[in-house]
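Subject: Structure for you to look at

Dear colleague,

Here is the structure I said I would pass on. My notes on it follow below.

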Amino acid sequence: MGFGTVSRGGSSRWPDQRLCTVEMGPPCHTSCLSRRKSSSSPKIKVDLDSSTGIAVMKFQSPPVNSLSLDFLTEFCISLEKLEMDRSCRGVVVTSALPKIFSAGLDIMEMYGKSPERCGEFWKAVQEMWLKLYGSNMVTIAAINGSSPAGGCLMALTCDYRIMAENPRYGIGLNETQLGIVAPFWFKDTMVNTVGHRTTELALELGLLYSAPDALRLAWWTSWCRRTRC
Ligand SMILES: CCCCCC/C=C\CC(=O)SCCNC(=O)CCNC(=O)[C@H](O)C(C)(C)COP(=O)(O)OP(=O)(O)OC[C@H]1O[C@@H](n2cnc3c(N)ncnc32)[C@H](O)[C@@H]1OP(=O)(O)O
């Protein structure tokens with residue numbers, strides 16, 4: 001494990017340049033992405049509105065938009081393409097599926113796989129985080145469904161979050177409930193948004209929050225009443 005530096009901004013697309021230092025394995029660059037094969041049917045639909053410079057990335061990987069190696073690879077490639085398009089200033093990530101934003105890491109990727117495959121998968125998770133957190137575009141999560149664990153990480157990694165209000169939708173790093181300790185950089189990403197004490201309680205208890213509760217704890221500045229954003 002080494003130290004990596006992630007800088008956000010430095011372009012006219014992001015006025016407030018921020019710098020943070022994180023501990024993690026060496027990031028995997030484009031060459032690594034292109035070595036990985038993506039599945040044939042797209043798991044993410046990308047629409048860029050050239051008149052506004054806003055792109056929408058819609059997750060469409062039934063049943064629950066779980067973050068598989070294929071999904072993560074496609075996510076990183078799509079984000080990289082938008083990053084290279086100077087007309088794109090901001091990205092909204094959201095779901096095309098009813099009721100689910102993302103169920104988090106694909107459990108099947110973590111079960112009965114070879115150490116090499118696990119390593120590749122874990123690298124892809126880190127890469128998703130690095131690319132999203134380090135993006136010089138403005139990133140917004142429009143959370144229109146449940147968003148546990150890795151789904152929550154993805155939302156927390158964006159600059160802004162908006163969540164649809166529905167008592168069935170929960171968001172949180174709830175992996176404790178599965179007997180998994182959230183990696184420190186998952187925890188740090190949550191601390192950056194909601195502070196130390198809220199994170200401590202949430203991780204210890206594996207809590208999932210409703211949109212109004214999350215708003216109260218400063219997860220975001222607004223939520224919307226429609227069940228679909
Ligand atoms: C080296 C390892 C270190 C790991 C460190 C990181 C730790 C954790 C990060 C994670 O993200 S772990 C994953 C945590 N995610 C969850 O616990 C979510 C579990 N799922 C749910 O709570 C629910 O499925 C849902 C998302 C709220 C949706 O509920 P709904 O009732 O609509 O649907 P289900 O019937 O429950 O599920 C449908 C279908 O999807 C499969 N599925 C659900 N979640 C996952 C998943 N994360 N990965 C893979 N597959 C998933 C579920 O099994 C059902 O499949 P079928 O039975 O229909 O085949």
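In which sense do strand E3 and strand E4 pair, and over how many bridges? E3 covers residues 44-49, E4 covers residues 54-59, and the two pair in the antiparallel sense over six bridges. Please keep in mind throughout that this is a predicted model.

The strands

E3 and E4 form a hairpin, with four residues between them. Gly53 lies in that turn and has a positive phi of about 75°. Asp49 stands opposite Ile54 in E4. Ile54 also has a bridge partner in E5, namely Gly90. E4 and E5 run parallel and are joined by six bridges.

Is E5 largely enclosed or left open by the rest of the structure? Strand E5 takes in residues 90-95, and six of its six residues are buried, so the strand is largely enclosed by the rest of the structure. Gly90, Val92 and Thr94 point one way from E5, while Val91, Val93 and Ser95 point the other way; all are buried.

Ser40 sits in the loop between helix H1 (30-35) and E3. Is Ser40 buried or exposed? Its relative accessibility is 78%, and because anything over 50% is called exposed, Ser40 counts as exposed. Asp70 is 30 residues from Ser40 in sequence, and the C-alpha to C-alpha distance between Ser40 and Asp70 is 9.6 Å.

The cysteines

How many disulfides are there? The count is zero, taking a disulfide as a pair of cysteine sulfur atoms within 2.5 Å. Cys158 is in no disulfide: the nearest cysteine sulfur belongs to Cys152 and is 11 Å away. Cys158 is buried, with a relative accessible area of 3%, whereas Cys118 is partly exposed at 30%.

The helix pair

Helix H5 (residues 184-194) and helix H6 (residues 196-205) pack with their axes 7 Å apart, at an angle of about 135°. The crossing of H5 and H6 is right-handed. On the H5 side, the residues that meet H6 are Lys187, Met190, Val191 and Val194. Their counterparts in H6 are His196, Thr198, Thr199, Ala202 and Leu203.

Regards

Notes
Residues numbered from 1 in each chain as written. Predicted model: local features only at pLDDT ≥ 70, side-chain atom pairs only at ≥ 80, totals over all residues. Heavy atoms only, no water. Pairing = 2+ DSSP bridges. Buried < 20%, exposed > 50% of the residue type's maximum accessible area, 1.4 Å probe, protein only. Axes fitted to C-alpha atoms, helices over the stretch in contact; angles between N-to-C directions. Left-handed = near helix turned anticlockwise from the far one by under 90°. Contact = heavy atoms within 4.5 Å.
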